[in-house]
Amino acid sequence: MIYVDNAATTSVRKEAIEAMWPYMTGAFGNPSSPHEVGKIASAGLDDARAKVARIIGGRPNHITFTSGGTEANNLAIKGSCLANPRGRHLITTPIEHDSILETASYLERFHDFEITYLSPDRTGLVSPEQLCEVLRPDTTLVSIGYANNEVGTVQPIARLAQASTAPFHTDAVQAAHLPFDIGVDALSLSGHKFGAPKGTGMLWSKLPLEPVIHGGGQEKGRRSGTENVAGAVAFARALELTQEEHYPDLSEFITEVLRIPGATLTGHSQMRLDGHASFLFDGIGSETVLLELERHGIVCSPGSACGSGEVSHVLLALGFSEDQARTAVRCTFGTSHSREEIQFVATAIAEAVATVRGESLV
């Protein structure tokens with residue numbers, strides 16, 4: 001099997017498992033406990049926090065470990081907007097992950113926030129000029145994703161953050177291998193996107209935060225609940241490795257797939273994630289193509305796993321029709337895929353599309 005759905009989830013790295021194992025066995029204590037086993041667990045948690053802070057370029061006390069990207073995004077937006085708001089105005093885009101959009105909707109419905117949605121161009125980009133036009137003195141927060149999970153477009157986050165007069169948060173869940181020196185005030189990550197276990201995540205934030213989970217006051221009062229020490233240790237180790245690796249350049253792959261009649265690349269042609277390519281194929285449903293690819297031993301997806309079975313809100317926001325959106329096929333490669341495997345996937349896609357259309361490649 002060739003697995004090319006890494007944007008949905010990755011396998012857990014051996015190194016991450018090895019790093020977390022001691023904290024699931026001998027050093028299993030509650031990090032809030034005053035005895036020796038608890039102190040060992042607490043030291044492991046502190047070390048993980050310090051490692052993540054070094055990688056991001058921030059302070060350890062700005063790191064809050066969470067259950068994943070969804071919780072981190074909820075804490076970033078609800079937490080900062082409700083803690084010390086300058087007003088009740090939030091700026092985002094319509095192509096964000098559901099955890100951003102649903103959180104914005106919550107603030108609008110229950111806290112009388114006004115939401116402004118920037119309009120991305122056909123490739124998924126928004127510009128600093130667009131942002132400047134809608135910024136207001138009462139803008140509480142700007143939240144724009146670093147890289148889009150469905151079409152792979154990488155936003156000019158450093159320029160957008162520099163242009164913002166309001167605090168700036170970015171969902172960097174798909175961008176753990178990209179530079180973190182981008183001038184934002186808050187950043188979310190999810191461990192299962194880069195080789196840590198599911199159920200691990202992090203919010204780095206310099207902003208005051210109202211907690212969304214109340215209880216014993218762990219994580220400096222930002223996120224109550226006994227910390228997942230083993231998960232945090234694995235998260236830190238996986239993030240270290242991710243920053244050292246390089247994803248494959250898919251230029252040749254994209255060129256090959258675009259030779260298929262009726263194929264369209266979604267997202268920006270240059271400002272896009274390495275290892276990420278998503279296409280539309282005129283006149284055929286993505287599910288039939290995906291089934292054909294599975295017969296070739298290839299596993300990929302139509303888009304976001306969180307929106308499985310639904311028409312992509314991202315593609316609709318980029319101006320594609322519902323019929324076009326239903327033809328999407330997304331291939332997201334990992335760092336270990338060889339050039340031969342990538343070429344095999346390109347050939348298999350061409351054969352799958354031809355089979356579904358009842359055509360011959362000869």
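A crossing is left-handed if the near helix is turned anticlockwise from the far one by less than a right angle, and right-handed if clockwise. The model is predicted, so local features need pLDDT of at least 70 and side-chain atom pairs pLDDT 80 or more, while totals for chains, interfaces and linings use all residues. Residues are numbered from 1 along each chain as its sequence is written, and side-chain values use heavy atoms, without hydrogens and water.

**Exercise 1.** Determine how α3 packs against α4.

*Step 1.* Helices are DSSP runs (H or I, at least four residues), numbered from the N terminus. Helix α3 covers residues 69–83 and helix α4 residues 98–111.

*Step 2.* Axes are lines fitted to C-alpha atoms over the stretch in contact, and angles run from 0 to 180 degrees between N-to-C directions. Here the angle is about 30°, with the axes 9 Å apart. Therefore α3 is roughly parallel to α4 (angles under 35 degrees; over 145 is roughly antiparallel, 65 to 115 roughly perpendicular, and the rest oblique).

*Step 3.* The crossing of α3 and α4 is right-handed.

**Exercise 2.** Classify the packing of α9 and α12.

*Step 1.* The axes of helix α9 (residues 286–295) and helix α12 (residues 339–357) come within 9 Å and cross at roughly 125°. Hence α9 is oblique to α12.

*Step 2.* The crossing of α9 with α12 is right-handed.

*Step 3.* Contact means heavy atoms within 4.5 Å. In α9, T288, V289, E292 and L293 touch α12 residues including A348, I349 and V353.

Note on methods:
Helix = DSSP H or I, 4+ residues; strand = E, 2+ residues; numbered from the N terminus.
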